[in-house]
Amino acid sequence: MHLFIADLHLSPARPLLLDLFEQFLAGPARRAERLWILGDLFEYWAGDDDLDDPGNARICGALAGAARNGLDIAFLPGNRDFLCGPEFARAAGLTLLQEPQILACGEQRWLILHGDSLCTDDLDYQRFRTMVRDSAWQQEFLARPLAERRAIIGAVRNRSDAEKKQKAAAIMDVNGNAVEQALRAAGVTHLLHGHTHRPARHAFLLDDHAAQRWVLADWTDRACWLELDAAGPTALTAELSAAARPDPRYV
Ligand SMILES: [Mn+2]
């Protein structure tokens, strides 16, 4: 069984979610032949020199612990953690992949993406994506001091949050033609992705063949994942018991 998660948006600002992720790794994930993390595991990743940040260290430590216990983990970066590099992969004990990936499972071959590449109606975002996925741009950005990178990322996120409130909801979803093109280019009929935070199973026809698109759920206060075996995907969710911790409002 292959297990897929995406869009956890882990950050020190959401400590309960970190607890949930650790419990997920120690629980449901252990049965997987491979755990696939399809991007936006982190709220943001400023560069592999940010591994010492306590939140990042905790997340990477949890992943590395699961890997040491025999879990095979693959990480496909999203639009918030595309700067995750080889040092992150080593610290977390996982394999860094680039999209698109194709996974054969039973009779079916699946196209695996983060999902942002399919949101082609959002022209501003696609321009931004082309820029930041360029290796020369990344080299230049990573050459800046860590504090400056964090500040830039914070400013970009604030602007993007403000813009999202203005954009029509449809613009931020996947484009149907982009989905079909991606499937045809990969020579498959089945697609699995995250990013849009619109968990669903879509069944449709692609060139007269039955096609499916499964969208992973983001994590808010619960763990959400897909288990894929020869029979197809199963979507599961769990509110795992979180350890009690001091309430920060009573400082
Ligand atoms: Mn995303």
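What spacing do the donors of the manganese ion follow along the chain? They follow D-x38-N-x34-H-x80-H. The points below take this site and then other parts of the structure.

1. Basis. This is a predicted model, in which local features need pLDDT of at least 70 and side-chain atom pairs count only at pLDDT 80 or more, while totals for chains, interfaces and linings use all residues. Residues are numbered from 1 along each chain as its sequence is written, and side-chain values use heavy atoms, with hydrogens and water left out.

2. The metal site. Asp40 (OD), Asn79 (OD1), His114 (NE2) and His195 (ND1) coordinate the manganese ion at 2.0 to 2.2 Å. Donors here are N, O and S atoms within 2.8 Å of the metal (3.2 Å for Na, K and Ca); water is not among the atoms, so sites may look incomplete.

3. Asp40 and Asn79. Asp40 and Asn79 link distant parts of the chain, being 39 residues apart. Asp40 is in the loop between β2 (34-37) and α2 (54-68), and Asn79 is in the loop between β3 (73-75) and α3 (86-92). Helices (H or I, at least four residues) and strands (E, at least two) are DSSP runs, numbered from the N terminus. Both Asp40 and Asn79 are buried. Buried means under 20% relative accessible area, exposed over 50%, and partly exposed in between (1.4 Å probe, protein chains only).

4. His195. This metal ligand sits in the loop between β7 (190-193) and β8 (200-206). His195 counts as buried at 16% relative accessibility. Its phi is positive, about 80 degrees, although His195 is not a glycine.

5. Other backbone points. His9 is in the loop between β1 and α1, and its phi is also positive, near 55 degrees. His9 is buried, with a relative accessible area of 8%. The peptide bond from Glu99 to Pro100 is cis, with omega near 0 degrees; Pro100 is in the loop between β4 (95-96) and β5 (101-105). Most residues other than glycine have a negative phi, and most peptide bonds are trans.

6. Helix α1. The twelve residues of α1 (residues 15-26) should span 16 Å at 1.5 Å a residue, and the end C-alpha atoms are 17 Å apart, which agrees. The expected span is 1.5 Å times one less than the number of residues. Its buried residues are Leu17, Leu18, Asp19, Leu20, Phe21, Phe24 and Leu25. Among the elements that cover them are β1 (2-5), β2, α2 and β10 (223-229).

7. Packing of α1 on α2. The two helices pack at an angle of about 5 degrees, with axes 10 Å apart. Axes are lines fitted to C-alpha atoms, for helices over the stretch in contact, and angles run from 0 to 180 degrees between N-to-C directions. That makes α1 roughly parallel to α2 (angles under 35 degrees count as such). Pro15, Leu18, Asp19, Phe21, Glu22 and Leu25 of α1 meet Arg58, Ile59, Ala62, Leu63 and Ala66 of α2, where contact means heavy atoms within 4.5 Å.

8. Leu228. This residue lies in strand β10 and counts as buried, at 1% relative accessibility. Leaving aside neighbours within four places in sequence, Leu228 is in contact with Met1, His2, Phe4, Leu103, Cys105, Trp110 and Pro233.

9. Asp161. Asp161 lies in helix α6 (residues 146-166) and is partly exposed, with a relative accessible area of 35%.

Terms used
Parallel < 35°, antiparallel > 145°, perpendicular 65-115°, else oblique.
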